[in-house]
Amino acid sequence: MSMSDPIADMLTRIRNAARIDRQQVDIKASNICQGIAAVLKQEGYIEDFDRIDDGKQGVLRITLKYDQEGLPVINEITRSSKPGRRIYLSVDKLPRVLGGMGIAVISTSKGVMSDRSCREANVGGEILCTVS
């Protein structure tokens with residue numbers, strides 16, 4: 001079975017794992033998913049991620065992050081741009097998620113970046129997802 005949207009699959013797996021308090025979640029590896037995981041780690045939404053070679057496509061093992069009360073750090077993670085409707089924005093139109101308390105993950109010509117990094121680098125791109 002071919003998967004038409006690996007990003008949506010990744011976000012759904014993270015969302016479901018956080019709801020049932022799992023420590024780790026495995027996701028099929030791809031360069032875009034690895035870029036999203038790197039942004040989530042850089043912004044403090046996940047503990048860590050590792051790429052595991054399984055002889056095929058590979059697996060990304062993401063370690064989720066929880067606060068002192070045992071609640072997941074990721075409250076909401078939603079897909080913005082979809083295969084049927086791509087959303088591209090310039091740097092001055094990038095969204096501020098929860099007034100700057102959340103992040104938007106953006107695919108740019110310089111790689112996958114958070115909205116803050118895009119503003120610093122003065123680049124726009126495709127809005128992949130928002131995290132709060």
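**Sheet pairing and helix crossing**

Analyst: In S3, Arg61 is the bridge partner of Asp50. This is a predicted model, in which local features need pLDDT of at least 70 and side-chain atom pairs count only at pLDDT 80 or more, while totals for chains, interfaces and linings use all residues. Residues are numbered from 1 along each chain as its sequence is written, and side-chain values use heavy atoms, with hydrogens and water left out.

User: What makes S2 and S3 a pair?

Analyst: Two strands (DSSP E runs of at least two residues, numbered from the N terminus) pair if DSSP finds at least two bridges between them. S2 and strand S3 (residues 59–64) are joined by 6 bridges and run antiparallel, so they count as a pair.

User: Why are strand S1 and strand S2 called edge strands?

Analyst: The open sheet of 3 strands has the order S1-S3-S2, with antiparallel pairing. Strand S1 (24–28) and strand S2 (46–52) each pair on one side only, and are therefore the edge strands.

User: Why is H1 called oblique to H2?

Analyst: The axes, lines fitted to C-alpha atoms over the stretch in contact, with angles from 0 to 180 degrees between N-to-C directions, cross at roughly 40° and come within 9 Å. Angles under 35 degrees count as roughly parallel, over 145 as roughly antiparallel, 65 to 115 as roughly perpendicular and the rest as oblique, so H1 is oblique to H2.

User: Which residues make the contact of H1 with H2?

Analyst: With contact meaning heavy atoms within 4.5 Å, Pro6, Ile7, Met10 and Ile14 of H1 meet Ile32, Cys33, Ile36, Ala37 and Leu40 of H2.

Conventions: Helices (H or I, at least four residues) and strands (E, at least two) are DSSP runs, numbered from the N terminus.
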